[in-house]
Amino acid sequence: MPPVLTETHDHVGLIRINRPERLNALNSDVIRRIVEAAEAFDADPDIRVIVLTGNEKAFAAGADIQELAESDVVQQLLSDRLTLWQRFQAVKIPIIAAVSGWCLGGGNELAMACDMIIASETARFGQPEINLGIMPGAGGTQRLVRAVGKAVAMEMALNSRFLTAYEALDYHLVNRVVPVELYLEEAMNLAASIARRAPLSVRHIKEAINQAFEAPLSQGLLDERRLFYLLFATEDMREGVRAFLEKRQPRWQGR
Ligand code: CAA
């Protein structure tokens, strides 16, 4: 079986990490396949939202430690790892992580690179790289701080504190926690609901919200306004307001 599987469900693309014997540890091949699958869905006009998941026991237990053991600084410097993560971040349609079980190290960084996280009650989030004499290298000191705040991020990265699903909810790392039998269904339902909405609005909203992490407020507000103006050039905007005034459901064209 390939280590990354894809399926489509109407307008939703599902990506499954599939290395159960290694708790879905992320080696270079797996990361490349995830990014390529996400880009392929992004380029498919029929797909409007992506769900990324693992299995009940593990979303991903981090970078592949076997691969790390064989790596050196030159290999790390020459690897295209950072570019791969940037390509994942450049995907324009929303990505929902459906997380159950271990979500550690690079796995937690991957989940945080998604736009929303639905967690099962059994999910455990952590940045345990310090136990290996390394440190987070793909957002675990940056995105984590923005999600859970400095104090908790410090404890997670410095002292390998794992968060339970409900702690992750309290600290705003995840959107909601559901029983383990339901986490994927919940994520797929959320994805399907977003996929029914005006596609160009969805893309612009994702872009504008992510801009809040990149730009100062004044620049972010300016960019938001420009994206807002642009939607006035779309047929969907005309359709949306007309449908409201005519008291009917809108029919989105993505134009
Ligand atoms: N890489 C490679 N193999 C891994 C792995 C990983 N990250 N995590 C688990 N495995 C393997 C184990 O070696 C084991 O293989 P064998 O059956 O051949 O022994 C198998 O998966 C099952 O794991 P365990 O027997 O350890 O399962 P457990 O339930 O007892 O423990 C666990 C689960 C606490 C998650 C434990 O496996 C663990 O601590 N894993 C490592 C977690 C970690 O340190 N992740 C960070 C990696 S570094 C990183 O991610 C860097 C970065 O930010 C870019």
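## Strand pairing around β7

Two strands are taken to pair if DSSP finds at least two bridges between them; strands (E, at least two residues) and helices (H or I, at least four) are DSSP runs numbered from the N terminus. On this basis β7 and strand β10 (residues 176–178) run parallel and are joined by three bridges, with Val 177 of β10 as the bridge partner of Ala 119. Strand β5 (residues 95–99) also pairs with β7 in the parallel sense, over four bridges, and there Ile 118 is the partner of Ala 98.

The model is predicted: local features need pLDDT of at least 70 and side-chain atom pairs pLDDT 80 or more, whereas totals for chains, interfaces and linings use all residues. Residues are numbered from 1 along each chain as its sequence is written, and side-chain values use heavy atoms, without hydrogens or water.

## Burial of β7

Five of the five residues of β7 (residues 116–120) are buried, so the strand is largely enclosed by the rest of the structure. Buried denotes under 20% relative accessible area, exposed over 50%, and partly exposed in between (1.4 Å probe, protein chains only). Met 116, Ile 118 and Ser 120 point one way, and Ile 117 and Ala 119 the other.

## Nonpolar cores

A nonpolar core is a set of buried Ala, Val, Leu, Ile, Met, Phe, Trp, Tyr and Cys residues joined through side-chain atoms within 4.5 Å. In the largest, of 46 residues, Leu 52, Phe 88 and Phe 125 touch the most other members. Helix α1 (residues 28–43) supplies the largest share of this core, seven residues. A second, separate core of 19 residues includes Leu 14, Ala 98, Val 178 and Ala 187.
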